[in-house]
Amino acid sequence: MIRGKFITLEGGEGVGKTTNLAFIKDYLEQHDIPVVVTREPGGTKLAEKIRQLLLDKKSEAISEQAELLMMFAARAQHIKHVIEPALAQGKWVLCDRFTDATYAYQGGGRNMKISVIEGLENLVQGNLRPDLTLLLDAPVEVGIERAGKRGAFDRFESEQVSFFENVRRAYLLQAELHPERIKIVKANQPLVEVQRAIGDVMRIFLGLSANHSTTPSWHRKLT
Ligand code: T5A
């Protein structure tokens with residue numbers, strides 16, 4: 001059995017990760033690739049409970065160390081029960097956020113030591129790293145405005161703008177450190193353009209030729 005590929009989608013609040021996850025799933029399935037779609041924190045019953053605790057604005061003040069360890073506790077469950085089994089069965093895993101989010105939010109946002117995050121990454125993940133990461137990047141105000149339209153803010157979304165500026169900077173630094181894996185997609189443009197750019201990245205990742213259509217199927221139907 002050929003091992004599946006592990007693709008992650010990253011970016012600040014409200015940049016469009018969830019929206020574009022469906023597009024990527026659709027793209028892969030059109031190429032007969034079996035896909036498991038999942039998210040972090042979350043993806044298993046226990047990890048989803050940890051997610052609720054992490055996002056709950058009304059929870060007691062969560063220390064930075066507790067927050068970091070909860071992210072990796074959820075991740076350990078997720079890897080063992082969802083990600084690794086799927087990859088071993090030859091399925092591709094498409095995950096809404098993964099460890100780059102920890103570098104961005106706990107490293108950049110909370111100023112936790114990168115060496116500590118690296119230590120936990122090695123402990124929890126062993127050799128597992130994403131094969132491809134799409135980083136949706138947009139100015140912080142754009143993401144916050146989009147997220148605001150969806151309803152009440154959670155514990156992270158209630159942070160100051162400076163927190164999100166640090167998150168964005170840390171994400172861009174991750175992309176600089178791992179240019180072969182992390183591809184930046186400009187998210188501050190109409191959805192059809194974002195998806196055209198994502199389609200280009202996916203086409204190259206799948207080794208398809210340049211004249212292969214990258215227009216979103218829903219857009220093709222409309223035009
Ligand atoms: N976290 C997570 C950490 O701190 N450390 C970690 O290690 C991990 C894994 C999880 C939180 O946990 C933190 C980070 C997060 O704060 P989440 O739900 O995964 O929460 O993250 P959010 O950023 O909150 O996800 P959202 O669902 O809010 O944002 P998305 O998915 O990026 O945005 P989406 O797709 O819901 O789009 C938002 C709105 O914008 C519109 C959409 O229609 C939607 O209304 N939109 C566009 N509008 C115009 N033009 C475009 N191009 C658009 N694209 C989307």
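Where is Asn111 found? I found Asn111 in the loop between α4 and α5 (114–125). For my own record, helices (H or I, at least four residues) and strands (E, at least two) are DSSP runs, numbered from the N terminus.

**Ground rules.** I am working with a predicted model, where local features need pLDDT of at least 70, side-chain atom pairs count only at pLDDT 80 or more, and totals for chains, interfaces and linings use all residues. Residues are numbered from 1 along each chain as its sequence is written, and side-chain values use heavy atoms, with hydrogens and water left out.

Entry 1: I stayed with Asn111 and looked up its phi, which is near 65 degrees, a positive value in a residue other than glycine. Arg97 lies in the loop between β3 (92–96) and α4. Then I looked up the peptide bond from Glu40 to Pro41, and that one is cis, with omega near -15 degrees. Pro41 has its place in the loop between β2 (35–39) and α2.

Are Asn111 and Arg97 buried or exposed? Asn111 counts as exposed, because its relative accessibility is 67%. Arg97 is buried, with a relative accessible area of 13%. The cut-offs I used: buried means under 20% relative accessible area, exposed over 50%, and partly exposed in between (1.4 Å probe, protein chains only).

**Entry 2: the ligand.** How many residues surround the ligand? I got 28, and the closest are Lys17, Thr18, Thr19, Arg97 and Arg150. (A residue is near a molecule or strand if one of its heavy atoms lies within 4 Å of it.) So Arg97 from my first entry turns up again among the closest residues, because that is where the 4 Å rule puts it. 

Next I looked up atom pairs. An oxygen atom of the ligand is 2.6 Å from an N or O atom in the side chain of Lys17. A nitrogen atom of the ligand is 2.8 Å from an N or O atom in the side chain of Gln106. For Glu157, a polar side-chain atom lies 3.0 Å from an oxygen atom of the ligand. The ligand exposes 1,000 Å² when taken alone, and the protein buries 83% of that. (Accessible areas come from the Shrake-Rupley method with a 1.4 Å probe; for residues, only the protein chains shown count as cover.)

Which elements give two or more residues to the shell around the ligand? My list reads α1 (17–30), α2 (45–55), α3 (64–88), α4 (99–109) and α8 (191–206). The largest share, four residues, comes from α4. I also sorted the shell by class and wrote down eleven nonpolar, eight polar and nine charged residues. (Ala, Val, Leu, Ile, Met, Phe, Trp, Tyr, Cys and Pro count as nonpolar, Asp, Glu, Lys and Arg as charged, and the others, Gly among them, as polar.)

**Entry 3: Arg150.** Arg150 lies in the loop between α6 (140–149) and α7 (161–177). Arg150 counts as exposed, because its relative accessibility is 59%. I also looked up Arg150 and Gly14: they are 136 residues apart in sequence and 9.0 Å apart in space, C-alpha to C-alpha.

**Entry 4: His78.** I found His78 in helix α3. His78 counts as buried, at 0% relative accessibility. Which side chains does His78 join in polar contacts? Another, of 2.8 Å, joins the side chains of His78 and Glu40. (A polar contact is a pair of N or O atoms within 3.5 Å; within protein, one must be able to donate a hydrogen and the other to accept it, and residues adjacent in sequence count only if both atoms are side-chain atoms.)

**Entry 5: Gln89.** My last stop was Gln89, in the loop between α3 and β3. Gln89 counts as partly exposed, at 44% relative accessibility. Gln89 and Gly4 are 85 residues apart in sequence and 7.2 Å apart in space, C-alpha to C-alpha.
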